[in-house]
Amino acid sequence: MQTATDVTQLIGNTPLLHLKRVSEQSGCTILGKAEFLNPGGSVKDRTALGIIRAAEAAGDLKPGGRIVEGTAGNTGIGLTLLANALGYTSTVVMPITQSKEKIDTLELLGADLHLVGATSYTDPNHYVHTAERLAQKFAAKEENGAIWARQFDNLANMDIHQRTTGREIWEQTDGKVDGFICAVGTGGTLAGVSAALKEKSGGVTIGCVDPAGASLEAFFKSGEPAPSEGTSIVEGVGISYVTQNVARAQVDVAWTISDEEALPYVFDLLRHEGLCLGGSSALNIAGAVRLAEHLGPGHTIVTILCDYGNRYQSKLFNPVFLENKGLPVPEWLAI
């Protein structure tokens with residue numbers, strides 16, 4: 001009898017999905033790693049598992065302990081699911097500007113949720129700094145202690161993607177992968193996958209795709225982060241500083257892509273290929289198309305399909321919201 005003993009064994013080993021329309025249009029084989037199939041609905045389940053297992057191994061996370069994290073939502077969802085399954089408590093600090101659906105999900109899962117104002121990383125009230133202070137407070141007063149997950153600078157994040165995501169991509173493509181590209185939330189996926197693939201073949205081209213207003217295109221091109229022009233509605237990606245995970249990413253090419261260019265890819269994917277994904281997947285697919293143009297026809301390119309679109313329905317698939325932001329509204333969604 002083959003069974004999973006607990007929810008942790010449902011994380012990873014996600015399939016690669018052939019993205020037909022963009023493959024046909026680009027002349028390349030563009031594949032999406034179906035990370036939305038993880039039990040928490042996103043790629044961040046891997047990050048959550050990697051951080052928890054590393055903390056357990058180090059003796060920092062004790063039975064009945066508390067896990068505290070600042071997150072745009074998906075890592076908090078993953079940490080809370082795993083905390084429930086493994087006997088821990090989860091405290092999540094999240095900007096109040098994130099989607100209503102993610103807030104509702106965290107409350108449903110039983111997270112100790114703290115919503116804070118959206119502010120710059122240099123502000124001490126930024127959600128990451130708030131999480132650090134809360135972790136220190138809980139660690140001092142709770143019997144079983146508390147840890148700060150610290151996903152941005154915790155290299156357990158990168159490590160699990162190197163050991164699992166990158167390895168899976170290499171094996172699933174039979175080593176015939178020419179390029180990988182994704183956007184950055186913490187840098188863990190990009191750094192880990194780039195390390196795994198570059199170790200197998202130095203000829204694999206690694207790309208970073210930034211939403212408008214983020215700073216990593218400049219960093220990977222010049223060595224100094226600097227924000228691009230514009231803003232983006234895409235949640236969970238696009239940062240203004242170099243994390244410990246980002247610093248280890250082995251990136252060959254980088255582009256900034258606007259929402260106007262990216263969002264039609266997920267609208268088309270839903271309408272023509274029956275898959276409803278979020279904004280970061282739109283950005284990743286747009287980046288894969290750019291990488292296909294860069295490499296030329298006949299190459300195999302992999303990207304990350306991060307999470308389901310219903311997690312952003314009130315924004316990403318809301319025609320009134322899109323119109324108010326001056327963003328394209330697909331004909332089938334228009335009122």
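The dialogue below goes from the whole chain to single residues.

Student: What kind of model is this, and how many helices and strands does the protein chain have?

Tutor: The model is predicted. Its protein chain has 12 helices and 10 strands.

Student: How does the radius of gyration tell me whether the chain is as compact as a globular protein?

Tutor: Compare the value with the one a globule rule gives for the chain length. Along its principal axes, the C-alpha trace spans about 60 × 50 × 45 Å.

Student: What share of the residues is buried?

Tutor: A residue counts as buried when its relative accessible area is under 20%. In this chain, 57% of the 335 residues are buried. The accessible surface comes to about 13,800 Å², and 48% of that belongs to carbon and sulfur atoms.

Student: Now a single residue. Is Lys-102 buried or exposed?

Tutor: The cut-off for buried is under 20%. Lys-102 has a relative accessible area of 1%, so it is buried. Lys-102 belongs to helix 4, residues 100-109. Leaving out neighbours within four places in sequence, its contacts include Ala-72, Asn-74, Glu-235 and Arg-311.

Student: How do I read an aromatic pair, such as Phe-152 and Tyr-241?

Tutor: Look at the distance between ring centres and the angle between ring planes; planes under 30 degrees apart count as stacked, over 60 as edge-to-face and the rest as tilted. The structure holds 6 aromatic pairs. For Phe-152 and Tyr-241 the centres are 6.4 Å apart and the planes stand at 35 degrees, so this pair is tilted.

Student: Which parts of the chain does that pair tie together?

Tutor: Phe-152 lies in the loop between strand 6 (146-148) and helix 6 (155-172), and Tyr-241 in the loop between helix 8 (216-222) and strand 9 (253-257), so the pair ties together parts 89 residues apart in sequence. Both Phe-152 and Tyr-241 are buried. Ring pairs also link Tyr-121 with these two in a cluster.

Student: Which residues have a positive phi without being glycine?

Tutor: Arg-150 is one of them, with phi of about 60 degrees. Asp-174 is another, with phi near 55 degrees. Arg-150 sits in the loop between strand 6 and helix 6, while Asp-174 sits in the loop between helix 6 and strand 7 (179-182).

Student: Last, where does Asn-310 lie, and what is it in contact with?

Tutor: Asn-310 is in the loop between strand 10 (300-305) and helix 11 (313-316). At 49% relative accessibility, Asn-310 counts as partly exposed. Neighbours within four places aside, Asn-310 is in contact with Glu-101 and Cys-276. Its C-alpha atom is separated by 29 Å from that of Gln-162, 148 residues away along the chain.

Definitions and conventions. Residues numbered from 1 in each chain as written. Predicted model: local features only at pLDDT ≥ 70, side-chain atom pairs only at ≥ 80, totals over all residues. Heavy atoms only, no water. Helix = DSSP H or I, 4+ residues; strand = E, 2+ residues; numbered from the N terminus. Rg over C-alpha atoms; globule rule 2.2 N^0.38 Å. Buried < 20%, exposed > 50% of the residue type's maximum accessible area, 1.4 Å probe, protein only. Areas by Shrake-Rupley, 256 points an atom, 1.4 Å probe, with all protein chains shown as cover. Contact = heavy atoms within 4.5 Å. Phe/Tyr/Trp six-rings, centres within 6.5 Å; stacked < 30°, edge-to-face > 60°.
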